[in-house]
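Hi everyone, thanks for coming along. I'd like to walk you through a structure this morning, so please have a look at the screen.

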Amino acid sequence: MSDEMQPINVKRRSPAYRLNAVAGARFTAYADTALVTDYGDPGAEETAARQLGLCDLSVLPRLGFKGAGTLDWLASRNVALPAAVNLASPQADGATAAQLGPEEILVLSDIAGGSGLAERLESDWHSSELTPRGFPLPRRETHAWFRISGECSAAMFAKMSAIDLRPHKFDRHQVAQTSIARATGIIIRNDIGSLLAYDLLVDWTMADYYVHVLLDAMAEFEGRLIGHRALCALADTTA
Amino acid sequence: MMPDSTSPGVNRVPGGELVDYEQPVAFTFEGRSFQGLAGDTIASALAASNQWVLSRSFKYHRPRGIFSLAGWEANTLVQVGHEPNVPADRERVIEGASIEGQNYRGSLEEDRDAILGRFARFMPVGFYYRAFYRSQWFWENFWEPAIRKKAGLGRISPDAPHRYFDKVFGFYDVAVIGGGPAGMAAALEASQSGLDVLLVDENRTLGGALAYERLDDEGLAAAQHRAELRASIEQQPTITVMTDAVCNGWFADNWLPVIKDNRLYKIRARELVLATGTMGQPATFHNNDLPGIMLGSAAQRLIRAYGVRPGRRAVVYTNDDDGYGVALDLLDAGTDIVGVVDLRTEPSRDARVLAVADRGIAIHRGQGVNSASAGEGNWHLVEVTIGTGAGPASTRSFDCDLLCVSIGSMPAYQLALQAGARLGHNDSDATFSIVGLPEHIAIAGSLNSACGVGPAIADGRYAGWCAANSLGAAAGAEPERPGLAPRRLTFLHPVRAHSKGKDFVDFDEDLQVADIANAVAEGYSELELVKRFSTVGMGPSQGRHSALNTARIVAQETDRTVGEVGVTTARPPVYGERLGVLAGRSFEPERHTAMHHRHLEAGAQMLTAGVWWRPAFYGPPERRDECVSREAVAVRQNLGMIDVSTLGGLEVRGPDAAEFMNRMYTFAYLKQPIGRARYVLMTNDAGTIIDDGVACRFAEDWYYVTTTTTGAERVYQTMLWWNAQWRLNVDVANVSVAFAAVNVAGPRSRELLDTLVDDIDLSAEAFPYMGVREGHVAGIPARVFRVGFVGELGFEVHVASGHGEALWDTIMDAGQVFGIVPFGVETQRVLRLEKGHIIVSQDTDAMTTPEEAHMTWAISRRKPFFVGKRSIEVRDRFLSKRKLVGFAIDDPFAPLPQESNLVLHEGEIAGFVTSVVRSSNLGRIIGLAYTARDASEPGDAVPIRLDDGRSVDATVVELPFYDPDNRRQEM
């Protein structure tokens, strides 16, 4: 990744980039977009993230596939598939594949953004002649992606969702497609090593709304925005 | 005789568990300074300083004060700053608070409306049904204003500061409501195998009655039991304790609203144990509402919780041994006991009774309280008269300033009845039972007639075990089920109307014994009718103190038993709740396009379309017409750009995509060429128009379909629903938010885009109207459509949402040399109306057929099927009486009709205006309206009734109003 830069200088922007900037985010170039590196104090962010942290991963790659033949085709591409709907499966390179329907899979990149799985699958799909093989879905554009980490994560979600996400009730890699703060979204429990964490995917056009809602809900737990650097550091230290 | 004046802390005694004697709290009440202690409630802090009157009653404006000290009645509702109806006996006093009584005119002490009490005989039960309806003039000009002024108890302040309220979901295996001995035992038992247990109590600490009752002569047993149970609770990690929290209702599947401070916990419990205890009941006698008359438990709470002596000279009125516990507590607090009045004739051997006798306290057996007296203004109790009821000669009077009433209780049945249980009454021993509980709910403790500490704990333990067992998680063997707990035979206080009245049955509503009897005499012999006629039980106490006595009176008056009469049911909420708790934290989702902030920066006035925010026009609101006109002129004559990201977008893909499209929409799509767009019109089963848009064919098996902004989700669901039946080999994906889109419109739009596009030939020959291309705009991958809603040369550019803002910026930058102007939705509406395009749901309603809307051109008659085809055929044979037409008003001075203004025909309503604008481009008023079918030809008159009743004549004209040959949009 290159030096600090501004989202205004790139053509692809996170839907929450403005709120990140107002919060003091520092950005770095990532592919054709800008990723939040930190908010000025990565060490403090990493510490905070163990209690409650919110990281905007909206610019990282992700892709969906839906329709008849999806599961078989992905299996043929060596994607480790979940055992059932509403479960996720970690991939060898750190990516995640979550099953959202009988023939629907969501592929998230690893949090470092280096897995390349989503890009490879998209390219393979276009060049494949196997039928049926489902159809790709532009999940990078339909959903904003946030990673919520820390021991207070479930308690924070309890302020906006009627699903019991406590770790002893919501297993690792379990998926909930549900109402969150009165709009539908996807929650995937995706711990960072031993640290409780959830992926939250919400309507791309509601990113502003959700950042406000999440920060408000996090306030009582002293939660805060964290940058990508802190998130990756957590992954390294909790592995 | 006025009461002794207030004096700071004059009634304070040591030993108050909940107060901090080292931390004073200063506040004002009725403008006078008071001092309490940290931990005091408002009522206890005032009582400590000898201020006993807190408010005035609803109808007769009688002084009222502490009765239950548990928040069970309206006596103690006060105004705290901006907030009305605060229960003073529950709300903690805070430093600097400004507190006032309620429901008076003048001052609490000198209430000018207290005179109403003298006119009580003119205000019998239900008097308002007969009093105010004649004459109409008098009602409207005198009574109604007067009653409105007096209505309510507190004052709502528009200046009240906002506070933060929110909600939290909670999930538990077992919820136990009530933290007394039974509730604590139930929680402990249920948690033995690790179940998540929630224990809720409305008091500040666990213990229930153990926190204030005196079970033995030494006064130690209750505290000991309490301490043991609490210690066990603290050691159980899976029990979550919520004190100072109210479970305010029961809803289906054990959904429980628990309110604590400013937060509403939305609890879902798999099993529920109710251990809510019992509520002490008042005695009915003349002046039974005077300040200084309170439940025995209230006096004990004052002493034990807050360290306040409830009075100096007390009479205790009882019919069981618990009353003697009250007497002993009063003695320990330094109160002189004038006597114990015991309804029972036989002496009891209970240690508490013996201890009272040992202290030389007079015990008056077989007696009851007949009346109470107060000094001038009914300010405070000064005397109590007792007797056997055999006549005046058998009465005796005692000077006192405190009467403690301990003559019976009722189960706190509210939650159980809300859950569907019934309250049964055993007429032989005057006890209640709760029956008919639904599954997954149990009751325990005194609520279940398990009275006494031992039986309550055993009953709670059993209920907890059963709850755990229902979940397959019981630890250990089933505990012994408690047998019938010792019934507390109550010697009922007689309920008879006193000759002087003021024997209140319902303190909240100022209803007396005679009021209830008179309601029955009026013919309302059923309890539910008595309630509705008299309003008994409808005040803040919701029948807690009136239900039993009301049932007894109705039983007496109708010669039935209480069991036969019954008790009115309970509905949520259990207690009054702040509106903020219900309202906050509200979630109001908003959708912003990728260009949202650019619109704000450009000074756009935003409007909502569903949850989307869209720019209406750019400029200050007071210059709306000028701005819209300017934008419209720019588009017609030069160049404009509008954000159309909100349009719905669906990918329809698969081998049967074309067939699917052919069935879903009215037009023909099987032969739609690749690289072309085609209009789509959707009808429902009934042949009514429900949506429209454009279908772009990218491949044999791939369509990208647009919908209206607010129709996207509905169209998507409709497609899924139909294909669940058809099982066509097609996949439908809702990608509405995946694309940001702009429409660049105007004669110079091609010229501008040419500067930004390298890989698409934008010429008219290579890219004709309704063409579809993929390429790059400003280096951004894009889908480009030659479509137009506004009737000018235009290109719609769809890009991935993440690129939307950059696209907008680039086009605006490049467009500066062309004089590009952003235009908003209101401008677009003017432009499309000039072009005669309908907006579904604005120009169509739940009945509009394609024929009514002149859209039969969009129907393929040769297709064997599309959704709505059959209905359209039927409806086309039986045409409606109306038709959607274009109309114009050429008079430049004519008033502008509004949408929904009625259209008349031969004096009857024939239709209404759906869209209308004053078009500066065309120099006339134009619009669309439904009119009578036989007056729908060009040249026919369209009489429109304006809002103010005037009429204006419009004329039917051919559509479109502008560029009828479509030359401008197809150039």
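Let me begin with two helices in chain B: the axes of α7(B) and of helix α8, residues 351-358 of chain B, come within 8 Å and cross at roughly 45°. Because of that angle, α7(B) counts as oblique to α8(B). The crossing of α7(B) past α8(B) is left-handed. Before I go further, please keep in mind that this is a predicted model.

Who makes the contact? From α7(B) we have B:Asp322, B:Tyr324, B:Gly325, B:Ala327 and B:Leu328, and from α8(B) come B:Arg352, B:Val353, B:Ala355 and B:Val356. Sorted by type, the residues where α7(B) meets α8(B) are six nonpolar, one polar and two charged.

While we're on this helix, let me point out B:Leu331, which sits in α7, residues 322-332 of chain B. Which residues does B:Leu331 touch, if we leave aside its neighbours within four places in sequence? They are B:Ile337, B:Arg359 and B:Ile361. As for B:Ala314, it is 17 residues from B:Leu331 in sequence, and their C-alpha atoms are 9.5 Å apart.

Now to another pair in chain B. Helix α17, residues 624-637, and helix α22, residues 825-834, have axes that come within 9 Å and cross at roughly 55°. That angle is why α17(B) is called oblique to α22(B). Here the crossing is right-handed. On the α17(B) side you'll find B:Arg624, B:Val628, B:Glu631, B:Ala632, B:Val635 and B:Arg636, and they meet B:Glu826, B:Thr827, B:Val830, B:Leu831 and B:Glu834 of α22(B). The residues of this contact divide into five nonpolar, one polar and five charged.

On to salt bridges. Over all chains, the count comes to 78. One of them joins the side chains of B:Arg64 and B:Asp289, at 2.8 Å from N to O. This pair ties together distant parts of the chain, 225 residues apart: B:Arg64 lies in strand β4, and B:Asp289 lies in the loop between β14 and β15 of chain B.

Last stop, the interface. Chain A and chain B bury about 3,400 Å² between them, with 54% of it on carbon and sulfur atoms. Chain A brings 39 residues to the contact and chain B brings 41. How many salt bridges are found across the interface of chain A and chain B? There are 11.

Thanks, and I'm happy to take questions.

Key:
Residues are numbered from 1 along each chain as its sequence is written. Chains are lettered from A and ligands numbered from 1 in the order in which they are written. This is a predicted model: local features need pLDDT of at least 70, side-chain atom pairs count only at pLDDT 80 or more; totals for chains, interfaces and linings use all residues. Side-chain values use heavy atoms; hydrogens and water are left out. Axes are lines fitted to C-alpha atoms, for helices over the stretch in contact, and angles run from 0 to 180 degrees between N-to-C directions. Helices (H or I, at least four residues) and strands (E, at least two) are DSSP runs, numbered from the N terminus. Angles under 35 degrees count as roughly parallel, over 145 as roughly antiparallel, 65 to 115 as roughly perpendicular and the rest as oblique. A crossing is left-handed if the near helix is turned anticlockwise from the far one by less than a right angle, and right-handed if clockwise. Contact means heavy atoms within 4.5 Å. Ala, Val, Leu, Ile, Met, Phe, Trp, Tyr, Cys and Pro count as nonpolar, Asp, Glu, Lys and Arg as charged, and the others, Gly among them, as polar. Buried area is the accessible area (1.4 Å probe) that two parts lose on being put together, summed over both. A salt bridge is a side-chain nitrogen of Lys or Arg within 4 Å of a carboxyl oxygen of Asp or Glu.
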